[in-house]
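Here is a short report for a reader new to this structure. Look over the sequence and the model first.

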Amino acid sequence: MQEKKKPQKQNVTKMDNDYIRQNEERKKARSKTKYYVKRRLLILLTLSAIIITAVVVNTNAKKEELIERQKVEKQVALELEDIKRDQDMLKTQVRKLEDDEYILKLARKEYFLSDEGEIIFTMPSDSGRSEKEIEKGSEE
């Protein structure tokens with residue numbers, strides 16, 4: 001195996017002339033500019049990361065809000081359909097209540113009223129049909 005040799009200390013002195021001094025100043029200036037460039041890049045990357053994170057978080061929040069609003073919109077649309085159906089039914093009932101014959105028929109049915117000479121017989125309701133089905137059949 002090869003053994004690593006330890007570097008020996010060299011007794012070298014630097015020359016003290018203008019060229020050497022200028023070279024050392026240039027090296028110091030370069031290392032200083034490299035330091036500032038790295039520092040600016042680090043700051044730029046940090047700010048970019050913060051901005052990108054903020055945009056992503058904001059986008060996700062808006063997306064969740066949009067999904068929630070769509071759910072609410074669907075629910076409101078269903079409620080609107082129910083209300084329209086109820087409104088149509090009530091309008092039909094109002095039209096029927098404007099008719100005197102319907103009012104008489106309803107009064108006879110609800111309060112067992114009769115005309116002169118008329119006899120009312122109550123019949124047991126069909127076990128297979130509910131009262132609503134019977135009412136629908138009699139209205140039609």
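The text below covers helices, salt bridges and surface patches.

This is a predicted model. Helix H1 takes in residues 18-97. Helix H2 takes in residues 100-111. The 12 residues of H2 should span 16 Å at 1.5 Å a residue, and its end C-alpha atoms are 16 Å apart, so the two values agree. Just after H2 comes Phe-112, with a positive phi of about 55°.

Side chains of opposite charge can pair when their charged atoms come close. The count here is 5 salt bridges.

| Asp-18 and Arg-21 | 2.9 Å | 3 residues |

Arg-21 is partly exposed, because its relative accessibility is 37%. Arg-69 reaches 56%, so Arg-69 counts as exposed.

Now the surface patches. Which residues form the positive patch? They are Arg-26, Lys-27, Arg-30, Lys-34 and Lys-38. Lys-38 lies in helix H1. Exposed means over 50% relative accessible area, and Lys-38 has 60%, so Lys-38 counts as exposed.

A nonpolar patch covers about 480 Å². Ile-43, Leu-47, Ile-50, Ile-51 and Val-55 make this patch. Val-55 is found in helix H1.

Note on methods:
Residues are numbered from 1 along each chain as its sequence is written. This is a predicted model: local features need pLDDT of at least 70, side-chain atom pairs count only at pLDDT 80 or more; totals for chains, interfaces and linings use all residues. Side-chain values use heavy atoms; hydrogens and water are left out. Patches are made of residues with over 30% relative accessible area and no salt bridge: like charges are joined within 9 Å, nonpolar side chains (Val, Leu, Ile, Met, Phe, Trp, Tyr) within 5 Å. Accessible areas come from the Shrake-Rupley method with a 1.4 Å probe; for residues, only the protein chains shown count as cover. A salt bridge is a side-chain nitrogen of Lys or Arg within 4 Å of a carboxyl oxygen of Asp or Glu. Helices (H or I, at least four residues) and strands (E, at least two) are DSSP runs, numbered from the N terminus. Lys and Arg count as positive and Asp and Glu as negative; His and the chain ends are not counted. The place of a charge is taken as NZ of Lys, CZ of Arg, CG of Asp or CD of Glu. Buried means under 20% relative accessible area, exposed over 50%, partly exposed in between (1.4 Å probe, protein chains only). The expected span of a helix is 1.5 Å times one less than its number of residues.
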